[in-house]
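Let's take a walk through this fold together.

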Amino acid sequence: MGIVEEVGSGVTLLTRGDRVVVPFNVADGRCRNCEEGKTAFCTGGAYAEWHGVELSSFAPGESLAVFGAGPVGLMAGHSAVLPGAARVFVVDRVPERLRAAEAMGCISVDFTECDAVEQIIKVSNGMVDRSIDAQVIDSRGSSEQPNVVLENMIRVTRPCGGLGIPGLYVPSDPGAPDTAAAKGSISLSFGKLFEKGLRLATGQCNVKAYNRYLRDLIIAGKAKPSFAVSHEITLDDVEIACDRFDKRLEGYTKVLIHPNGGF
């Protein structure tokens, strides 16, 4: 996100001074998937949270459990509150992030103090309609169990409910905690998933399918994503901020970088 400073001779749709938002995934705009609006799956060259809610097939009036209260999880909760969720539970272990979830009307659940699934079912007097895996690393608590969030989603979602999994899972990961995960394989209770008739949807976010609408919600004052911003820094502070964010220190959640200072 920023302002265009210079344009090359081949650029026809942008001019100096334009404000732009650049998707995290790059698409050529010409392949079949791009033409159908599925830019995340291009075969040529703050959206994941809304995408996760969409993947779960959420409808106004339903209840939702979001696993992870990082920037994606917080905005997923916000994306469900906006259209009128009955209840939104946000699961994490970082106090500052849980307080941010509460501030926007969600019910926080600290998984270090209880069994998150049992707590959600107790408070809501039953299972939720939908659940979202908002960045598995944000809420799983143990790097030894990369499937724990998916298992909890299956447990907490009612029969015929929906699971939204915007990521991030990759085909191979040399830094994974076990051999199977390193090859992109994760153990899953598929029998229970099948028994409950749960709908599961995954995949990266098709940013261009949402960005205009989300921008207009912000302009209209209905969506207010700035609540998730915890720190504003200059380029000189990036290394320290990345380390603190990775270690969940000092409430680092969503960080804005000002390359030229002046904030």
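This is a predicted model: local features need pLDDT of at least 70, side-chain atom pairs count only at pLDDT 80 or more; totals for chains, interfaces and linings use all residues.

Start with strand 7, residues 157-167. Of its 11 residues, 8 are buried, so the strand is largely enclosed by the rest of the structure. If you want a spot to look at, Ser 131 has Leu 163 in strand 7 as its bridge partner. Strand 7 also pairs with strand 8 (residues 199-202), again in the parallel sense, over 4 bridges. Here you can pick out Gly 164, whose bridge partner in strand 8 is Ala 201.

Side chains of opposite charge can pair when their charged atoms come close. The count of salt bridges in this model comes to 8. One of them joins the side chains of Glu 62 and Arg 130, with N and O at 2.9 Å. That pair ties together distant parts of the chain: Arg 130 belongs to strand 6, while Glu 62 lies 68 residues away in the loop between helix 2 (48-55) and strand 3 (63-67). Are these two partners buried or exposed? Glu 62 counts as buried because its relative accessibility is 14%, and Arg 130 counts as buried at 9%.

Now compare a local pair. Glu 195 forms a salt bridge with Lys 192, and their closest N and O atoms are 2.7 Å apart. Both residues lie in helix 9 (residues 190-195), 3 residues apart, or about one turn of the helix. Glu 195 is exposed, with a relative accessible area of 58%, whereas Lys 192 counts as partly exposed at 40%.

Another salt bridge brings together the side chains of Lys 247 and Asp 243, at 3.4 Å from N to O. Lys 247 is partly exposed at 49% relative accessibility, and Asp 243 is partly exposed too, at 36%. Elsewhere, salt bridges with shared partners join Glu 62, Asp 129, Arg 130 and Arg 158 into one network.

Rings come next. The structure holds 0 aromatic pairs, but Phe 245 does have a charge over its ring: the charged end of Arg 248 sits there, 5.7 Å from the ring centre.

Val 7, Val 11, Leu 13 and Leu 14 make a nonpolar patch of about 370 Å². Val 7 is found in the loop between strand 1 (2-3) and strand 2 (19-20), and at 40% relative accessibility it counts as partly exposed.

Definitions and conventions
Residues are numbered from 1 along each chain as its sequence is written. Side-chain values use heavy atoms; hydrogens and water are left out. Rings of Phe, Tyr and Trp (its six-membered ring) pair if their centres lie within 6.5 Å; planes under 30 degrees apart count as stacked, over 60 as edge-to-face and the rest as tilted. A charge sits over a ring if NZ of Lys or CZ of Arg is within 6 Å of the ring centre and within 35 degrees of the ring normal. Patches are made of residues with over 30% relative accessible area and no salt bridge: like charges are joined within 9 Å, nonpolar side chains (Val, Leu, Ile, Met, Phe, Trp, Tyr) within 5 Å. Accessible areas come from the Shrake-Rupley method with a 1.4 Å probe; for residues, only the protein chains shown count as cover. A salt bridge is a side-chain nitrogen of Lys or Arg within 4 Å of a carboxyl oxygen of Asp or Glu. Helices (H or I, at least four residues) and strands (E, at least two) are DSSP runs, numbered from the N terminus. Buried means under 20% relative accessible area, exposed over 50%, partly exposed in between (1.4 Å probe, protein chains only). Two strands pair if DSSP finds at least two bridges between them.
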